[in-house]
Structure formats: structure tokens, C-alpha cells
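Here are some notes to read alongside the structure. Please keep the 3D view open and find each element as it comes up.

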Amino acid sequence: MPYPPNYRYTREHEWIDLDGAIGTIGITDYAQSSLGDIVYVDVPKVGDAVTANATFGSVESVKAVSDLYSPVSGAVTAINEELKTAPDKINEAPHTTWIIKVELSNPAELDVLLDAAAYEAFISEETSG
Amino acid sequence: MRYLPKSPAERRQMLTEIGAASIDSLFEVIPAEYRLNRDLDVPRQQAESEIVDYFRAAADKNATGYASFLGAGAYRHYRPVIIDSLVQRGEFLTSYTPYQAEITQGTLQAIFEFQTMIAELTGMDLANASMYDGSTGAAEAVMMAVRVTGRHKAVVASTVHPEYREVLSTYAKHQGLPSTLVPCDRETGRIDLRALEAEVTNETAAVLVQSPNFFGVIEDIPAIAAIAHAKGSLLIVSIAEAVSLGVVRPPVEADIVSMEAQSFGVALSYGGPFCGVIATKEQYVRQMPGRLVGQTVDGNGYRGFVLTLATREQHIRREKATSNICTNQALVALMATIFLTVYGKEGIRELAEHNLAKADYAAKTLGSQPGAKLLFNAAPHFHEFVLQTDETPATWSQRLMDEKIVGGIDLSRWYPELKNATLWCVTEVITRENIDTAAKVLAAAPVEA
């Protein structure tokens, strides 16, 4: 599955799509395929603060629970309610199924994130290593 | 099984293998002053017959034939003999934790049935496979409420078992979890609802109460739940006496029920092992500590049982696990399962009613003796009550011992403000004769000259 070139990526396998001051966050195709069937997503509440590189929730598959790391700092403006009943949407369409939206408090944090090419290089290193 | 130590030849062989000249040279790194220079002072070996004599003599020192009015979180109930016959079967007694579902269906099914019966009794959606005991269960329930609410303060009733509160303090000390204590009403022995309302704030993660409480009083759970929920706090109800659920309305308004299941067929055994339980509503299942057995179907469509939601347990999620509990009290929970199966729905109710009736008779009889009165008598009780006497408990308890009766427990060790007050517990194993004898002894205070 291609990695959208307009997204930015973390080394913890989250993506962020920026639209003005709002960043939409999800997990990558690589993350969903490593986790396997996702059965539950634990997310913060609207209004909660998230911090770059800190956990903001977790995603549970049949074999593991993994933390979700925020690519940026800011306040949660929306959560994807659809995931409460259909968490497997992440497996089906990881790059369009978002988890939370965040209003960025420090857009400069985006600069340290990976672009699609760098992220693909990073995961190919991780898989071969 | 052989417990024979290594032979001198084997020791030499091992020393040669690792290149040490002697045992002493092996331990040379330990400074000489810390080394023991003589043989351990242990008695000589004994023949089997001598060992049997030794333990028979020790067993004779047990105080047998006493009637006991002690309760306070450890309850003496009759244990049907089938419990020990079944739990001593090797398939249960020696089986390892049921990670491998294909070889542990019996253990898993027994745990599943335990969970089902506990959930039905407590009025919750589901129960876990058991905790260590009622005290750690209550502390874990508070930690669970912290995870669910994202808040970090607890409000605790002073009538929660004092030892449960001590265990909670130990947990809380290292978790940055302040808790405040709410006193009870002097007449009813129930939590003071006004004081509770004043303590619960928008920062309260959990309100923890016990019902029947430490004084045997049944709390007004719907009223307490309304106060907790109005501020977004969870309500945890701790139950130290599981048999009470035969007659007491289950705390359905609670978010988490933490229970000690020892009364269900578990011997007192000098303090343990006991069997804790956490039951909760389905929406909180992912924050519940401990393990859960679920029912499923196998590849051929047959009913089967597996550990479920184990992804949050410590053996998989390490330091991020919901709790450091990695196992459950499988064999002790099995005792409870067998007990509940033997008694059945009607049997548990009859047993509870039997306890209630005897305790009521005892409270009335003992409470009407000269120099004695009942405390906290303005609210309903289960099978425990507080008796205050003019005499000190130490005085009459010796007279009771002479009649082979152990009286109520002195409350001053936990509640210094309660002078000459004792907590009495009356279960089905206490006879009417025991109660009448105790009353006579209490009435027989030496006349002051």
C-alpha cells in the first residue's frame, strides 16, 4: 500500500495529515499489518492535551496491545467515533481511517517527522534489521 | 520425590568442572567475617514414625472444640466434604496456569463457571478469574478506577475493613494517590452521607465503601452511588462476607464490586489462602486487573474456553499491564465454585437467612444483658454486630474461654474511640446453646464490693 506523500510519519508508525492548524492522526499500513486484526482502540477525550512523542492511547489486536504516540503537541478536537464499533476499519484502510484530530500548539514539531520516502526507507531498514 | 543432597563424589566433580579447589575457595569472594565457620545447627534426621508423632503432638496443641464469635473478614462456615475430595484430584491440584487452552479445558471451564456465578451474585456484567484476596482486590479496584477516570483521588469509608484500608495505603503510597476517610454515623454505623457529599469532588476517581461494612451494617448503596456519580466518580463496593449476598440486595449501582469469597467453602487455615474477586460493568472490562476466561467455539463448532483479553496481562504487556497480578487463585476459586454448586441458588439464600436469624437472636440476647448494649443498631445488619460492655473485653473474654467460647473481637485496636466495644459474628456453625452460654457469662460480672 502506498504511503501518501503529503503525510508526515513517526518512527512509532503513526501518520499525520495537516490541514491548517488541525492535524489528523492515524497509524500506518506497516503498523496495522504488524499488529494483525485490531479489536479495540483506546483514545483520549475531546479537549484532552496530547504531547509529541508521548502516548495518547492504545490499539489492541488479538495478539498485543500497543501504545499510540502523538506526532505533535496540542489539544484533541475530534475522535473517530466509528472505531468504537468498527476498529477493523484500520486494517482495511489504514491511511484514510483516522483516530484523532489535534489542534497543533507547536507546528515546528512537524519538521522532525519523516516524509513518505524517509518513512519507507525506515521501515525497510526495520524489516531487514 | 528424592530430596537427597549431592554425594561427595558429585561435589568434587562439579568443583573440578568449574575449576574451584574446594567449596571454601568457591566462596572466597565473600569476606571471611560474613562466612559461617560451623555446620548449621539443625536437628538430626527423623524416621517417618517420629515425624508422625511430632505432628500429632503439634496438632494436639490446637484449640479444638471451641465455639468462635470471631468474624471481621474471616468467616467460619460449614464446608461440605466434597470440596476437598474434588480439589485434591491431581488434575486440579497439580495443574499449571491454563495458558495452553487445548490441554486445560477442565480448569478453564471451572474458572468460567466461577466468574459466571460471581457476576450473577454481585449483579455485575462480568467477574474476573479471582484476585489474591479481598484486601488486594479493593486496592486494585481503586487503581482500576484511577485508570478509568484519569483522576487520582479516592474517598474511603472508615467502615471499610481496617486491614483492607492498610493494604490500600501501601498501594497508594507509591502511586501518588491521596485518599480521604469519611466517618460513619454514630447511630446507624452507616457512612455519613453529608460528610461523603462534602468530600467527593470533580477530582475523585473512586468512592470505596464496604457492605455489609466492618460493623456488619448494610450500607445504603443507591444513596452513596448517587453522590459518587453526581461528581463523575466511580463507586466501588467491597464485600468481605460473600454469604451476605444470599439475602442482601446486590450492589447493582456500583461500578466495581470487590469481594472476598473465602466464605464460599474456603477454610480459615490460619489466615489464608483467601480468594478475592473483582466484578464490574462491561464498559470497564479493559481496565480490569487479572485474567478473564471466555467461552468460544473451536474449529469444529464445539464449545470451548480460553483466556481472553490476556493482551493486557503482565506476561505480555510488561510494565504497561493493568496490574502486576499475573495469575489467579485457581484452586481456591474452585473451592468457591464447588461450594456454590453444592448449595445452589436456594441453598445460598437459606444459608444467609440462617446466619441472619442466629445473629439477630444473638444480638438481642447479648445486647439485653446487664451492662451491655448494642452500638450502630439503627440500621439493618447481616451477621455481625457491635456490643459495648461496662466491663473490659479482656475481663469477660477469659470467663468465656473457660466455657470454650471465643467472644467477639476487641475493636479498640482499630477504633480507639470505641471503648469496650467488640465485634461479634454469628454464622450457622454457632448454636443457640453457645449464644445462651455467652449471655450467661456476660451477665455474671463479678459484683463490685
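1. Which residues in H13(B) meet which residues in H14(B)? On the H13(B) side they are Trp396(B), Arg399(B) and Leu400(B), and on the H14(B) side Ala438(B), Val441(B) and Leu442(B). By class, this contact has five nonpolar residues, no polar ones and one charged residue.

2. A word on the source of the coordinates: this is a predicted model. Its scores are ipTM 0.74 and pTM 0.86. For chain B the average pLDDT is 93, and 99% of the residues score at least 70. Where pLDDT is low, the predicted coordinates should not be read in detail.

3. Chain B as a whole comes next. Its secondary structure comprises 14 helices and 15 strands. The C-alpha trace spans about 80 × 65 × 50 Å along its principal axes. Chain B has 449 residues, of which 40% count as buried. Among its contacts with a separation of 6 or more, 72% are between residues 24 or more positions apart.

4. Return to the helix pair of the opening question. H13 of chain B covers residues 393–402 and H14 of chain B covers residues 432–443. Their axes come within 9 Å and cross at roughly 135 degrees. The crossing is right-handed.

5. A second helix pair can be described in the same terms. Two packed helices are described by the angle between their axes and the distance between the axes. H6 of chain B (residues 105–122) packs against H12 of chain B (residues 330–367) at an angle of about 60 degrees, with the axes 9 Å apart. H6(B) and H12(B) are therefore oblique to each other. H6(B) passes H12(B) in a left-handed crossing.

6. Leaving aside residues up to four places away in sequence, Ser95(B) touches Thr104(B) and Thr107(B).

7. Helix H1 of chain B runs over residues 8–18. How many of its eleven residues are buried? The number is zero, so H1(B) lies largely in the open. Gly19(B) follows H1(B), and its phi is positive, near 80 degrees.

8. The last point concerns the two chains together. Six residues of chain A are in contact with five residues of chain B. The side of chain A that touches chain B has three nonpolar, no polar and three charged residues.

Conventions: Residues numbered from 1 in each chain as written. Chains lettered and ligands numbered in written order. Predicted model: local features only at pLDDT ≥ 70, side-chain atom pairs only at ≥ 80, totals over all residues. Contact = placed C-beta atoms within 7 Å. Nonpolar A, V, L, I, M, F, W, Y, C, P; charged D, E, K, R; others polar. Helix = DSSP H or I, 4+ residues; strand = E, 2+ residues; numbered from the N terminus. Buried ≥ 20, exposed ≤ 12 C-beta atoms within 10 Å, placed from the backbone. pLDDT = per-residue confidence, 0-100. Axes fitted to C-alpha atoms, helices over the stretch in contact; angles between N-to-C directions. Parallel < 35°, antiparallel > 145°, perpendicular 65-115°, else oblique. Left-handed = near helix turned anticlockwise from the far one by under 90°.
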